[in-house]
Amino acid sequence: MAGTSKRSTSPHASRSSSPKASPCEMFGYVGIEAVLDQLKIKAMKTGFEFNIMVVGRSGLGKSTMVNTLFKSKVWKSSPVNKLGPLPQTLQLQSVTHTIEEKGVKLKLTVTDTPGFGDQINNDKCWDPILNYINDQYERYLQEEVLITRQHHIPDTRVHICVYFVPPTGHCLRPLDIEFLKRLCRVVNVVPVIARADSLTLEERESFRWQIQEDLKNNGIYVYPQKCFDEDSNDKTLNDKIREKIPFAVVGADREHLVNGKCVLGRKTKWGIIEVENMAHCEFPLLRDLLIRSHMQDLKDITHNVHYENYRVHRLNESHLLTKGAGWVTLSPPTRRNTGGSSRGQRWNRDESENAC
Amino acid sequence: MKRKWISFLNEDLRNLSLSGHVGFDSLPDQLVNKSTSQGFCFNILCVGETGIGKSTLMDTLFNTKFESDPATHNEPGVRLKARSYELQESNVRLKLTIVDTVGFGDQINKDDSYKPIVEYIDAQFEAYLQEELKIKRSLFNYHDTRIHACLYFIAPTGHSLKSLDLVTMKKLDSKVNIIPIIAKADTIAKNELHRFKSKIMSELVSNGVQIYQFPTDEETVAEINATMSVHLPFAVVGSTEEVKIGNKMAKARQYPWGVVQVENENHCDFVKLREMLIRVNMEDLREQTHTRHYELYRRCKLEEMGFKDTDPDSKPFSLQETYEAKRNEFLGELQKKEEEMRQMFVMRVKEKEAELKEAEKDLHEKFDLLKRTHQEEKKKVEDKKKELEEEVGNFQKKKAATQLLQSQAQQAGAQQTKKDKDKKNASFT
């Protein structure tokens, strides 16, 4: 992306196109900064929404990870009956909770993808996921174009997709690469190395390096994307994060006693792996990124970039349909398998537009 | 094969209890940080007669001197003048736009005074709507020019609202948040002021003018908003000059009979206005503008353009369909234009060709003419040449004849002299 176009697509460019405004100096306190408090009060009253999707082969600890992230039993029952046969098709399952902390209400939606990558033939297994994500954009778009709109359009769009990479220690598999390539154009993606307790620290580092190389060579841009860095502060902060991606995480929802303290961890014969200990795994980094520091940014990028891209394509795609005699009625975007791949093509074609 | 892409587990929204600190309580701070880096926009419209103190009040409110010259009183009509300023307080950047109604109330016929104001407000909504309807749009970047608050300056007559005020406010109340204020309130005595305020409020109510209601649903601000609402319309005094009061300098107006202090709540309601407008409800004013006034405008405009939300069982995307129809129309028009242009081009080419052919013919004719002339000239020249040759021939003949004669004459002469010589010689012998 050329330097000039970068600024126009960055969701954070605060240089607005506006009539010339002369800077004015105030000779005393006016109280404009009170607007920040007003904003906070308003936000706390309406509450927040956050939608997270976890993708990965079964058995990588996705549900446990979600439970650890939000320190609660997000899944009342396991989304997939672990004792039964694996689902024949990929089925997405969503669950929504309202959680509150210090007066801040959060409506959290977690979407799991049991059956992903479990089939013998995993071709196009990303289609249902892509369709789901686009469905949410579609829903939002339909609400947005109504004449009489709601005050607050419910936001079900996926803000972050956490992709669990199995800890092979070698490199990304073709399935991983295909999936990530398609998804990074549509949604914010963060890959993590799942079950990292099976790797030593050296193996972890080389695996991480290898994954970073694979991502770079395949043109996969994961969150935080370089092109949306607003200023140098952002850049330094995000560079540090990008160095560490993918995080090597371990999930645990049981507590154990370690040195007199109760910590979340996995107990094994050779020791207790403390989830929140940076020396053991990088779970705190993931949690900080997703929740404590970049949650709002994830939502902003979803709204200002991914959703807008979808909207542009959706409003333009009608001209790709053949114009017959009379009026072409628009039906919702097709759900055929072939439709999915052509959609994939379409996203790829626009690489020049929204790739970083 | 029927696939079910998504199944919601049958748990509705349920409250989950957290067993530890997760950390999303920092979300409001994250949001505020984002907004701070982007900066805020706030647009105030000041409606009031010339000379009622609009500019001074703005200067006083924002503790600064906005550059402006006082307007004259002989404007032919009402026009709106917008000026933008960048203010910064600690880490908050505010882009403030102040829109002034120049010439309001000065004309003899004030029937149409409200029209430019309504048009301006609508134009700002329209600009935003256009941006929102664009296919490739950048709303996060958009400089919001919609009016967030309208300060309506009521002249301090002490009696009641003027009919111009009522008419104008009625036209504006569905488009903008109106906050009525009594200007130059230091000319009204305290007891008169109370009566004046109640008269104004009852007139507004009886005429169905909807002024901005300070929000009372949020507990933190409900109390202060409720107490302040009682004092509407705020009786304000503006001043940028400072007078020494006690041992401090304060903004005030100095009269021979006393000093009116702007920030003294016993003297006027300036402090209340500042509280309400800036410190407590700025965000709410912006929100009301966006969610109520703008949505109303948008709805009306779209319905006017022929869009309508369809009922649930027919196709759900009528806006999109009309988009498509418009696009088709537009493309059709484009094509037609193209055809026209092509036709015109072909015609022009034909014309030019004909012209060129004409010119070619002319050229040919000219060439022929020239050729003929040339031939004629040549012939003439040849004739002349012949003549001349004849003459030369004649001349040569003549010359030859003369020469012959001459030589004959010479010979004859020579013979004569010889004869003479012989005779002479013969005589000597």
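Rings of Phe, Tyr and Trp (its six-membered ring) pair if their centres lie within 6.5 Å; planes under 30 degrees apart count as stacked, over 60 as edge-to-face and the rest as tilted. By that rule, ring pairs link F125(B), Y128(B), Y142(B), Y294(B) and Y297(B) into a cluster.

This is a predicted model, in which local features need pLDDT of at least 70, side-chain atom pairs count only at pLDDT 80 or more, and totals for chains, interfaces and linings use all residues. Residues are numbered from 1 along each chain as its sequence is written, chains are lettered from A and ligands numbered from 1 in the order in which they are written, and side-chain values use heavy atoms, with hydrogens and water left out.

Over all chains, the structure holds 16 aromatic pairs. One of them joins F125(B) and Y294(B). This pair is tilted, at 6.1 Å centre to centre and 50° between the planes. F125(B) lies in helix 3 of chain B and Y294(B) in helix 8 (residues 282–304) of chain B, so the pair ties together parts that are 169 residues apart in sequence. Helices (H or I, at least four residues) and strands (E, at least two) are DSSP runs, numbered from the N terminus. Buried means under 20% relative accessible area, exposed over 50%, partly exposed in between (1.4 Å probe, protein chains only). F125(B) is buried at 1%, and Y294(B) is buried at 0%.

Another pair, Y255(B) with W257(B), is stacked: 5.0 Å centre to centre, 10° between the planes. W257(B) is exposed, with 71% relative accessibility.

Strands of a sheet pair through backbone hydrogen bonds, either parallel or antiparallel. Two strands pair if DSSP finds at least two bridges between them. Seven strands form an open sheet with mixed pairing, in the order 1(A)-4(B)-5(B)-3(B)-6(B)-7(B)-8(B). Its edge strands are strand 1 (22–23) of chain A and strand 8 (234–235) of chain B, each pairing on one side only. Strand 1 of chain A pairs with strand 4 (residues 79–89) of chain B in the parallel sense, over two bridges. There, P23(A) has E86(B) as its bridge partner.
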